[in-house]
Amino acid sequence: MTSITFTLVISAIVFAVGTVGVLLRRNPLVQFMSIELMLNAVNLAFISFSGRFGTSEGQVFVLLVLTVAAAEAVVGLAIIVAMFRHRRRIDVDDIHAMQG
Amino acid sequence: MALEQLVFLVFALLAIVTSLGLVIFKDPVHCALSLVFAFANIAGVYILLGAEFIAAIQVLVYSGAILVLFLFVMMLLQVRPGPSLNRLRFFQSGFGPVLGVAFLVEVVLVVLTSGFVLNGGNITKPNNTQAAKMQAGVEYSVSVNVIQAAGPLTIQGKADGIQPNTVGHTAALGKELYSTYLFPFEVASIILLIAAIGAIVIARRSLVSDEEEDHPKRRGISLGSVPAQGSLQAFEVERQTSQSQRRKEAKKRTVILKK
Amino acid sequence: MSFLNGILSQVQPTKLSFTGDDFMYILPEFIVLVTACLLVIVDLILPKKSRGGLAWLALLGYVGALAAAGYLYYADATISHTTFSGMFVRDNFTLFNEIIFLITGILGILISPTYSLKRKIPLGELYSIQAFSVLGMMIVGGSGDLMAVFVGIELSSIAVYILTGFARNDRGSAEGALKYFLLGIMATAILVYGMAWTFGMTGSTNLREIGRQIASQHSTSSNMDSGITFAMLLLLVGFGFKIAAVPFHVWTPDAYEGAPTPISAFMSVGPKAAGFAALIRVMVEGMPTLSNQWTIIIAVLAVLTMTLGNVVAIAQNSVKRMLAYSSIAHTGYIMVGVAAYVNSNGVDTNVARQNDSISSVLIYSLIYVFMNIGAFGILIYLQNQQGGAEVDDFNGLARWSPIAALAMALCLFSLAGIPPTGGFFGKFFVFRAAINSNLLWLTIIGALNSAVSAFFYLRVVVAMYFNPQSEESKSKLVPTRSFFLTAALVIICVAILVLGLYPDPALKLAQDGATPLFQVVKAAAGQP
């Protein structure tokens, strides 16, 4: 059951769900969380492949992705808070101060 | 079915179901809680794949730090539930799932047709991941030797010194991280540094009062309308002084609560 | 160089995967890192009035890093050294990219002070985060491993997300930053998923080893593995976002328009060049045997990118937005150079032709840095003087500031590719590489696009030289002098003319820069 095919398919499903979340939801916070989910799917793929080769490369890469995800979360939430200063509602459909 | 397989299956299914919750729930707070579950279940899968350290970090960093940060921001911004999915415009509700399903089909096809699966790539055998990893490790070191014989450009320090049976153990991972992978590790720490600096600069309260602001037209970018100025604090003051506004807010709150 | 090595081996007798020499090879990166950290600290210590000194500190750091890179080149002109267990490669490709990024950094510092002070943007943090971004790009340029590509791209991107949102009091800035951020990290997720698949199919994250593995798999079976194709597609999508190629360009205009203008100038050249460096490192070093597949994708995307960028740019009234679309179009031209890498059958030995392709990308990126930052520089000058950024605001610029109008005309002629300027040679090299690779159709489309682009560039020139200045703009005029901005524009104009009249030394350096990639490719194919 724990074959690499199975874990890769799980990773693919989670990645696809994350992608759908980004496209479907209009709240930047939820979109952002969906992208975090996509990164988790990537991590799952890395760990599966890492098990395939028996090297630690995949796991080290996962640590890097984790770190970057944490940094992105900090910056992204700061941007969302800054955005909130200028408007009460946050919704990507409302973001149209610039057109063209 | 052996117990390990059963546990694995449960973790996997729960991970998928809870990640679907992220997309389906209307209230962003529910989405976040659903995501916490998804992360925890994925951590369970990591443990069964032999990556204990990553599983621990997953729980600590993702569920423990990142998601809590999300919840704090939601609290701060008082986010409201979005529109329910069936009220979205067709393009939004139709395009996303179609693209997602197409992508999923594509990946599954790739997984099923890819060479390594066909050529007996089913390495992590049921019930015995450790032994399977040993086997995989042997295969790997053989192929590395072949590679090294092929060309003059060899990669030092990476091919040797990895004991397959220690992979996934925290000590072995730490050793690798601070020697072979020192360079990306240090760069990752720089990324965290700039994230901290940048978040402070962007999110801190404006040091300039509204009167001192330049007129919007002089700012060089043609904006559609005059932007609403003011920080959270300014907003609070405004709300307290304006009685009608306060009533409106209270009404809105009750509406949310009823929902 | 080896004295550090000796000390280190005495201190730490156990096996280390890096030596003191490794630190010598990353000296330019190290100098930029130290400068960036110093900028934050000094900013705290310095009294508010003397913050102008920070620009000098930043410039000193960049020039020092350039000198260090030059020293390493001087010490060994054919250097090709792998450090930190394959993570970082010191070769001439790294060198050329370092030159591009450091010049971007220098010009980015020079054009910001007056504009930022007027808008109360904190200078210390601005310079510091910009320096960190340059550091990330330099790491991408010298990366020898997918991990280094990933962390480098992320370091430079996250820094640029922050910079985009720097004008805190401006609604456009926050909006542009949010759009850029969300699409940027989604691209990151796709990119890193591609890296996971690449790792999964080859068992390594090292680019050279990936190249060797794919070559050996390619030689044993004629069919390409679907997993590798999938990985390649995901990587192309990820890089497409980073360089703003067309189906993935939607963030570009808003991010460029929303960001403070000096940051728009910086992000329109730096991250783009870094994206191309990563694309070339990963595709040419890691997947040369698949070049038939990826070059055709890039060629198609190049056509879309050039056409959409130029056509939409015509309709813009805001010069900032026009320059944003024009930068998309220029991505398209550079992609023509990448597409010219095409191989007819797996790995062929026509290295000279492929060298033309990669060196044309390098030299175009360098010229593009000057001309694009130049155009944005004049825009900043105009915004400093009277605030506006519309085409109409350029009316009569030649009357009240003939030198600025002349500099703008030079940059715009260069962007349009008109002969005595550097931009002409950039396009010439790119299109020549495409013709040599039998991509005549691509060259024709590129040339047609160039002709279209002349229309909207010349529109600004006409406004500057033939339209009268409106009374309203006269009344808004506040004369502002900026030593740094003037210095930047002088450097840019000289560079555009020098590259236009005598491009040989830069071309030679670009060809040297492309050479090390092909040694790797040949080694991957098992040739001597």
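**Reading the calls on a three-chain model**

Mentor: Let's start at Asn438(C), which sits in the loop between α19 (422-436) and α20 (440-466) of chain C. Helices here are DSSP runs of H or I with at least four residues, strands are runs of E with at least two, and both are numbered from the N terminus. The model is predicted, so local features need pLDDT of at least 70 and side-chain atom pairs count only at pLDDT 80 or more, while totals for chains, interfaces and linings use all residues. Residues are numbered from 1 along each chain as its sequence is written, and chains are lettered from A and ligands numbered from 1 in the order in which they are written.

Trainee: Why is Asn438(C) counted as exposed?

Mentor: Asn438(C) has 12 C-beta neighbours inside 10 Å. The cut-offs are 20 or more other C-beta atoms within 10 Å for buried, 12 or fewer for exposed, and partly exposed in between, with C-beta atoms placed from the backbone. A count of 12 therefore makes Asn438(C) exposed. Its phi is also worth a look: near 60 degrees, a positive value in a residue other than glycine.

Trainee: What makes Lys120(C) partly exposed?

Mentor: Lys120(C) has 16 other C-beta atoms within 10 Å, so it is partly exposed. You will find Lys120(C) in the loop between α6 (113-118) and α7 (123-141) of chain C. Lys120(C) is not a glycine, and yet its phi is positive, about 60 degrees.

Trainee: How do you know that Ala302(C) is buried?

Mentor: Ala302(C) has 30 other C-beta atoms within 10 Å, and therefore it is buried. It belongs to helix α14 (residues 291-314) of chain C. Leaving aside neighbours within four places in sequence, Ala302(C) is in contact with Gly332(C), Met335(C), Val336(C), Ala339(C) and Leu442(C). Contact means that the C-beta atoms of two residues, placed from the backbone, lie within 7 Å. Val336(C) is 34 residues from Ala302(C) along the chain, and their C-alpha atoms are separated by 6.0 Å.

Trainee: And what makes Tyr180(C) buried?

Mentor: Tyr180(C) has 25 other C-beta atoms within 10 Å, so it is buried. This residue is in helix α9 of chain C. Beyond four places in sequence, Tyr180(C) contacts Tyr161(C), Thr164(C), Trp251(C) and Ala255(C).

Trainee: Why is α9(C) called roughly antiparallel to α11(C)?

Mentor: Helix α9 (residues 171-202) and helix α11 (residues 226-243) of chain C pack at about 155 degrees, with their axes 8 Å apart. That angle makes α9(C) roughly antiparallel to α11(C). Under 35 degrees counts as roughly parallel, over 145 as roughly antiparallel, 65 to 115 as roughly perpendicular, and the rest as oblique. Axes are lines fitted to C-alpha atoms, for helices over the stretch in contact, and angles run from 0 to 180 degrees between N-to-C directions. The contact of α9(C) with α11(C) has 15 nonpolar, six polar and one charged residue. Ala, Val, Leu, Ile, Met, Phe, Trp, Tyr, Cys and Pro count as nonpolar, Asp, Glu, Lys and Arg as charged, and the others, Gly among them, as polar.

Trainee: Why are α5(C) and α22(C) oblique to each other?

Mentor: The axes of helix α5 (residues 92-111) and helix α22 (residues 483-501) of chain C come within 7 Å and cross at roughly 140 degrees. The pair is therefore oblique. On the α5(C) side the contact uses Leu107(C), Leu110(C) and Ile111(C), and α22(C) brings five residues including Phe484(C) and Ile492(C). By class, that contact has eight nonpolar, no polar and no charged residues.

Trainee: How do you know that the span of α2(B) is close to the expected one?

Mentor: Helix α2 (residues 28-48) of chain B has 21 residues and reaches 30 Å from its first C-alpha to its last, against 30 Å expected. The expected span is 1.5 Å times one less than the number of residues. Just after α2(B), Gly50(B) has a positive phi of about 90 degrees.

Trainee: What makes α1(A) mostly covered?

Mentor: Of the 21 residues in α1(A), 18 are buried.

Trainee: Which elements of chain A give two or more residues to the side that touches chain C?

Mentor: In total, 33 residues of chain A are in contact with 34 of chain C. The elements on the chain A side are α1 (4-24), α2 (28-53) and α3 (57-84). The largest share, 14 residues, comes from α3(A). By class, that side has 25 nonpolar, five polar and three charged residues.
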